[in-house]
Amino acid sequence: MLRGILHIWVRSKVLPEPVSDSGLDDSLPACYIMDTYSLSSLLILDKACQLHSLPRPLYPLENGNRITARSWAALRRLSGMFIRRYTSRRSSEMLKKLAQYALENPDFETQLIPVSVMIGRAPDKEDSLSKIMFAEGWDLGGRLRRLASTLINGRSTFVYYGKPFSLRELVDEKSDAGKAVRKAMRLTRTSLRKTRESAIGPDLSHRRTMLKQVLDSERVVKAIEAKARRDNISVEKARTMAEKQIREIAANYSYALVRAGSLLLTWFWNKIYKGVNLNHFKDFEAIATDKEIIYVPCHRSHIDYLLMSYLLYNHGRVPPHIAAGVNLNLPIVGPLLRRGGAFFMRRSFRSNPLYATVFDEYLSLILARGVSMEYFIEGTRSRTGRLLPPKAGMLQMTVRAYLRAQKKPIIFQPIYIGYEQLVEGKSYISELGGTEKKSESLKDLFGVFKLLRHNHGKAHVNFGEPIELDQLLQKHAPDWQPDEDNDKPKWLSPLIDDLATSIMTNINKAADVNPVNLLAMCLLATPKHALSEDQLEQQLRLYLDILQTVPMSEKITITDLSPIEIVGYGIELGVIVKRTHTLGDIITVSDDSAILLTYFRNNVSHLFAVPSFIASCFQINPKLTRKRIKALFKALYPYLRSELFLPWNDAEVEAVIEDNIEILKTRQLITGNLNLKRALGGSLSAASLSLLGRGMLQTFQRYFITVAVLVKNGSGTLSRTELEKLCTLTAQRISLLHEFDAPEFYDKTLFRQFIRNLSKNGILKRSEDGKLIFDEILEEVSNDAKALMTKELRHGIIQMASAKEVKAAITEDSANTD
C-alpha cells in the first residue's frame, strides 16, 4: 500500500541502462545491499526491480525453500526520532544469516548487489531552487528532510545498480561466515562510495581544514622557511603570504550552486544553440570506473568551461575542478566560478617558489582526494582554429603528484569541442590583426545579452581515446620507484612531451566535421570565395566521400546532412549567401565572413591534409609518379605532423598516401597507376582536384616563406626573433597582394612553431652570437616547393623576402627593442 501511494508521485530512472550492463544475472537469487536503511528507498528499489523483471527485494530469498523473509540488507541504520544518528553494529544480521547458510550448503549461490537510491540527482529535471535545496548530497538528513526531498524531487530519482559479487566465492575463499560477511561489507562500501562520488562528487566539505592541510604539509613548511630566509622576513609573515596564496588558488565547491547553474545553463543553451551533441561518452564511462580523471579538452572559447561541466553533470558525473587563469578571478564572477569548481592559477610562477610549492601541494591534495580535474594544455584559447602547441606545466605537476602518491590510476581524457558559430569571433579576428588582447572585465557580462539574439547553430563535444598514465610510465620508466629527493628524474621530460603530443593527437582524432567546417573548406579554396551551387554540392560530396572512405580514426564524427542540406543550413545560419543568376545560382561569402570562416576550416584541415597534399602536387604538374609524391610528402611530413598533430608514424605514412591516392582515383580526379595524371583541364573533376589542392596551400606557403627568407638573407645573418618577425611581415604583405587579408595566414605562432621544428630536425642551428646557421639541406627544401606552388607565387615570395622595406622594418624594430 505504501509503495503504491509513494509511486503516485515518484518516478525513477535506472542506471546503468540497460541494467544488464552492471553484470546482474536475473536467473540467480539476489540480495540487494543499501548503505543506509530507508523505507522510501526500499520501496523505490522494489518498484524498479519489478519494472525491469528483476528479483524483488521485498520477496523472500529462496533456494527451493525459504532462506530469509526478505532479499535486502543495509550496512547501517539510523536511530532517533528528531536527531538521527547511526546505530553502532559490526555487521548486517541478514548477511550473517546468508553467509552461514552458504557455508552449510555448498551448492547455494546468490549474488550480492550494491544499490544506491538518489532522490534529486537528475539535473535535467531540477527546474526550481526548492528541488536543488533538497537534492542528494553527502550530509546526513532526517525523516523530515527525506520526506521533503521525496515530495519535491520524487520525479527526479535515480536507482544505481552496482556490479554484483558472488557470496559463494566469498564463503569459499574465507571458509568462515564472519570473515566472508566483513569482506562483503568492505566491497559493498567501496562500490557504494564510488557510485556516490561518480554521481555527486567526492565529499569536499571543510574547505578550511583542507587549506590548513596544504599549509601544514612538509613541502610548504619548508618553502615558507626558505621564503623567510631569502627575503629576510619572519616565518609568520611568510606563512601569511602562503595563506593568502592558497586562498587565491583554492576552489570552494558548492553542490547547490552547481545545481542552480545547471538550471541557468539549460535555459542559456536553449537560447543560443540548436542543440549540443555529445559523442563517445559511453566509451569513456566504460573505462572511467575507479580512475582519477583528468579532462583535457581543446580550448576554443570561454564557453568551453561551462559546456564541459554542464554535460558531465547532465550525464550523471560530477563536474571537475577546473584550472582557470587568475584573470577570470573578477569580483562577483570569481566567487561564482570558484563555487562551480574553478581553482585559479597565475600565468607564470617560475620566479615565485613559494607560490609554485603551494599550488603544487594543492594540486596533489585534490588528486589524492579523488577529485577529477580539467585543464587546457594549450594555455589559452586558439585564435586560428588550430590546436596550439601544448604547454607542459600542468601535465608535469599532475604526473609528479602521482609519482609522490599513487592513490588511483590516472587517465587523461582528450576532448574535442567544436562550434558552428563563435561567440568571440570578432575579437579573435581583431587580435590576429594586431589589436592587443583586452583583459576580461565585468563589462563582458553584458555582452551575454547580445548572444541571445543570434543563432549559433550547434555545439559538438567528442570524447577521444583516453591515455593511461601507468602505460606511459611503463614505456618510459618501467623500473621507476618513488624518490622523495628527486621528483624530476631524467625520463620525466620525454614522458611529458609524449603525453602532451598524444593528448593533442587524440583530440584531433576525435574531431567533429560540421556543415560550417565543410562550407569553409570548399569556399575558401576559391579566389572570390564563391562557387556555383552545383559545383559546391559536388565539392561537398567529395569531402564527405573522403571522410567516410579513409577516416583518420573511428572517433571522427561527420554531419548527417546531405550536400544540398548543408548548403541550406549554411544559408539559414547566415555564414553563406545565395545569389540568383540566370545561368545558375552562386553561393558566396563576404570578406568579413571569409576571415572568420578560416577558423572553422582550420578546425578540420588536418583531416584533409593528405588528400589535399596529393591534389596540390597536380596544381603545377599534369602528371607525377607515385614515388615522387611519396618522397615529397615524407620530406614535409615531420613539419605537418607537428603543426597539425597527425597520428601516423613514419612507417604508416606510405600506406596512408596509397589509400588517399585510391580514393582520388575512384572519384576520377586522377588516373594511372605508377604514373599518375590529373583529370583533363576544363572538366568538373579537374576543378574539384584544384579546389582540394588549395586547402593546404597556405600552410605550404608559410613553409616556403620561412625557407626563402633564410636562403635570401644567408646563413648566420638572422636571429630566431628576427626571422620570426621577417616571416610575419612577408606573409602579411603577400596576404594583401595575392590573397584576401586573412590574419591567421601571418599568425606568428605558426611561424614560431615551424622555425622550432626546423631546429628540432637539425636543419637550423644557432651560432655563439645567437644567429641561425644552416647548410645546403635548406636549399633542397626550397627546391621541393617548385612542385607545390606556381612560379609567380614563388617569385613573389622570394621578392618579398629580400625587400628593403621589410629589412628596414626589422632593423627599426630591433633598434626600438634595444
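**Exercise 1. Contacts along the chain**

Find what share of the contacts between residues at least 6 apart in sequence join residues at least 24 apart in this predicted model.

*Solution.* Start with the contacts in the protein chain whose partners lie at least 6 apart in sequence. Then keep those that join residues at least 24 apart: they make up 77%. For context, the chain holds 34 helices and 28 strands. Of its 818 residues, 52% count as buried.

**Exercise 2. Helix 11, end to end**

Compare the span of helix 11 with the expected one, then look at its start and its buried residues.

*Solution.* Step one: helix 11 covers residues 255-272, which is 18 residues. Step three: at the start of the helix, a side-chain oxygen of Ser-254 comes within 3.1 Å of the backbone nitrogen of Leu-257. Step four: pick out the buried positions, which are Tyr-255, Val-258, Arg-259, Ser-262, Leu-265, Phe-268, Trp-269 and Ile-272.

**Exercise 3. A helix pair**

Work out how helix 16 and helix 20 pack, and which residues meet.

*Solution.* First, take the geometry: helix 16 (residues 393-404) and helix 20 (residues 492-508) pack at about 120°, and their axes are 10 Å apart. Because of that angle, helix 16 is oblique to helix 20. Next comes the handedness, and the crossing of helix 16 and helix 20 is right-handed. Finally, list the partners: helix 16 brings Leu-395, Gln-396, Val-399, Arg-400 and Leu-403. These meet Leu-492, Leu-495, Ile-496, Leu-499, Ala-500 and Ile-503 of helix 20.

Notes: Residues numbered from 1 in each chain as written. Predicted model: local features only at pLDDT ≥ 70, side-chain atom pairs only at ≥ 80, totals over all residues. Heavy atoms only, no water. Helix = DSSP H or I, 4+ residues; strand = E, 2+ residues; numbered from the N terminus. Expected span 1.5 Å × (residues − 1). Buried < 20%, exposed > 50% of the residue type's maximum accessible area, 1.4 Å probe, protein only. Polar contact = N/O pair within 3.5 Å; in protein donor to acceptor, adjacent residues only side chain to side chain. Axes fitted to C-alpha atoms, helices over the stretch in contact; angles between N-to-C directions. Parallel < 35°, antiparallel > 145°, perpendicular 65-115°, else oblique. Left-handed = near helix turned anticlockwise from the far one by under 90°. Contact = heavy atoms within 4.5 Å.
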